[in-house]
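Open the model in your viewer and keep the selection panel at hand. The tour goes from single residues to the cores and then to one helix.

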Amino acid sequence: MRMLGIDIGGTNIKSGIVVDGVVSGFHEMPTEAFQGGQTVMNKVLRLITKYNNYNRIGISSAGQIDPATGQVIFATDNIPGWTGMRIKQIIEQKFAVPTCVENDVNAAAIAEAYYGAGKGKDSMVCLTFGTGIGGAIVEQGKLYHGSAFSAGEFGHITIHGGHRDCTCGNKGCYEVYASTKALINLAEEKLGISEGLNGRMLMALAQENERVYTDVINPWLDEVILGLRTLIHVFNPSLIVLGGGIMEQSYMLAYVQEHIQRQIMPNFRNVEFLSAKLGNHAGIIGAAHLAVKME
Ligand SMILES: [Zn+2]
């Protein structure tokens, strides 16, 4: 079956035709989320008219999604007015094509489970490191949604209770210490760089100066490990997939793999770590896969 996959993020809208996990006709454009949810929805509807010859539509979207109704239950102000958007209903009414909607981190995890890092494995835990830390749980090839479609908010597990403030209103959350943003903040502080640093620049600096590893990257990875340790003891996964540009650095995985072993109980040590493989295409591949599987 040919599926139209669309990934609606706070920054970009990506799309393409997907057949068996392979994307053709990939297209990317800015979401311009500041214009509000209704304008974003209209943009998606115009985008759909540019494609033809597909059987179903799979949508991956930012926010908490009810996959049964294809509605956005809650979205942050990254896309103002996105909360409540009836994505599935609007698309099916206009195009009369069966449409499936899933949260973007969940869609990416399903893509990795079937076509990427987790191919051949039934169960895995996925984390995405960026401004925050997103997560998803795949068990026996299926997503675990939780009672309000919100499971897998790994960025808000508490690793340093009572310490630094998080955007969620609590203190000591994982993403305050272990997101890519936290790494950059730490680097700017320790290296005396005022602003404009990114992950790639940091790795280039580390090549020249060992101190970047000892003062910045390793302490940050120790924070990453604290959260992973908790997840390993909760889920007993055989695989953890680490996504986000920074985790494509082989140093990160090697460090985690080496240092985490003695911090987890012996019967959990079969766990393996891999980088996410599908990058930019994961959301549309996962959404398309879910569209194939929909009843
Ligand atoms: Zn939090």
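A residue counts as buried under 20% relative accessible area, as exposed over 50%, and as partly exposed in between. Note that this is a predicted model.

Start by selecting Cys168. Its relative accessible area is 41%, so Cys168 is partly exposed. Go on to Cys173: at 1%, this residue is buried. A disulfide is a covalent bond between the sulfur atoms of two cysteines. The structure holds 0 of them.

Next, select Leu127, Phe129, Ile217, Trp220, Leu228 and Phe273. These are the residues with the most contacts inside the largest nonpolar core, which has 45 residues. Elements that each supply at least two residues of this core include strand E8 (124–129), strand E9 (133–139) and helix H7 (211–235). H7 gives the largest share, 11 residues.

Stay with Leu127 and show what surrounds it. Beyond its neighbours within four places in sequence, Leu127 is in contact with residues including Phe154, Tyr174, Leu228, Leu231 and Ile240.

Now move to Leu4, Val40, Ile57 and Val97. They are among the 27 residues of a second, separate core.

Last, select helix H2, residues 87–95. Which residues of H2 are buried? They are Ile87, Lys88 and Ile91. These three lie on the same side of H2, because they cover an arc of only 90° around the axis. To see what the buried residues of H2 pack against, display helix H1 (37–49) and strands E4 (56–61), E6 (71–74) and E7 (99–103).

Key:
Residues numbered from 1 in each chain as written. Predicted model: local features only at pLDDT ≥ 70, side-chain atom pairs only at ≥ 80, totals over all residues. Heavy atoms only, no water. Disulfide = S-S within 2.5 Å. Buried < 20%, exposed > 50% of the residue type's maximum accessible area, 1.4 Å probe, protein only. Core = buried A, V, L, I, M, F, W, Y, C linked by side-chain atoms within 4.5 Å. Helix = DSSP H or I, 4+ residues; strand = E, 2+ residues; numbered from the N terminus. Contact = heavy atoms within 4.5 Å. Arc of directions from axis to C-beta.
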